[in-house]
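The sequence and the model come first.

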Amino acid sequence: MTTQWEHKVLKYKLGMKGFDYEQIERDLNELGRDGWEAVSTMAPSWGAGQAIEITVFVKRPAA
């Protein structure tokens, strides 16, 4: 039997003081307690190479 998955996409925008890495960590720890696992990230860059958004992809076995 094949495992069925559910997925979430988390997006974090660049703020005036950069990315809020503490918030990202809190979110991932909370989701981890609920069985979510980070599987990939994406940080597209624009212009001179500055990333304006971080995307984190998470998954867990479907109920």
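## Exposure and the model

A residue is called exposed when its relative accessible area is over 50%, buried when that area is under 20%, and partly exposed in between. By this cut-off Lys13, at 61% relative accessibility, is exposed. The coordinates are those of a predicted model.

## The sheet

The sheet is open and consists of three strands in the order β1-β5-β2, with antiparallel pairing. The edge positions are taken by β1 (5–13) and β2 (37–42); each has a single partner strand, so one side of each lacks a neighbour in the sheet. On average, and with direction ignored, neighbouring strands are turned by 25 degrees against each other.

Helix α1, residues 21–33, packs on this sheet and touches β1, β2 and β5. The direction of α1 makes about 165 degrees with that of β1.

## Strand pairing

Strands of a sheet pair through backbone hydrogen bonds, and the pairing may be parallel or antiparallel. Here β1 and β5 pair in the antiparallel sense over nine bridges. Within β5, Thr55 is the bridge partner of Lys11.

Strand β5, residues 53–61, also runs antiparallel to β2, and five bridges join the two. On this side Ala38 has Val58 of β5 as its bridge partner, while Ser40 has Phe57 of β5.

## Salt bridges

How many salt bridges does a search of the whole structure find? The search finds two.

One is formed by Arg60 and Glu6, whose closest N and O atoms are 2.8 Å apart. Arg60 belongs to strand β5 and Glu6 to strand β1, so this pair ties together parts that are 54 residues apart in sequence. Arg60 is partly exposed, with a relative accessible area of 24%, and Glu6 is also partly exposed, at 28% relative accessibility.

The other joins Lys13 to Glu53, with 2.6 Å between the closest N and O atoms. This pair links distant parts of the chain, Lys13 being in strand β1 and Glu53 in strand β5, 40 residues apart. Lys13 is exposed, at 61% relative accessibility, whereas Glu53 is buried, at 14%.

Leaving out residues up to four places away in sequence, Glu53 touches Lys11, Tyr12, Lys13, Phe19, Met42, Ala43 and Pro44.

Thr55 also lies in strand β5. Is Thr55 buried or exposed? Its relative accessible area is 2%, so Thr55 counts as buried. Neighbours within four places in sequence aside, Thr55 is in contact with Val9, Leu10, Lys11, Ser40, Thr41 and Met42. One of these contacts, Lys11, is the residue that has Thr55 as its bridge partner in β5.

In soluble globular proteins, nonpolar side chains tend to be buried together. The largest nonpolar core in this model has 10 residues: Leu10, Tyr12, Phe19, Ile24, Leu31, Trp36, Ala51, Ile54, Val56 and Val58. Two or more residues of this core come from each of β1, α1 and β5. The largest share, three residues, is given by β5.

Ile54 is one of the core residues. Not counting residues up to four places away in sequence, Ile54 touches Leu10, Lys11, Tyr12, Phe19, Tyr21, Ile24, Met42 and Ala43. Val58, another member of the core, is the bridge partner of Ala38.

Note on methods
Residues numbered from 1 in each chain as written. Predicted model: local features only at pLDDT ≥ 70, side-chain atom pairs only at ≥ 80, totals over all residues. Heavy atoms only, no water. Pairing = 2+ DSSP bridges. Helix = DSSP H or I, 4+ residues; strand = E, 2+ residues; numbered from the N terminus. Axes fitted to C-alpha atoms, helices over the stretch in contact; angles between N-to-C directions. Contact = heavy atoms within 4.5 Å. Salt bridge = Lys/Arg side-chain N within 4 Å of Asp/Glu carboxyl O. Buried < 20%, exposed > 50% of the residue type's maximum accessible area, 1.4 Å probe, protein only. Core = buried A, V, L, I, M, F, W, Y, C linked by side-chain atoms within 4.5 Å.
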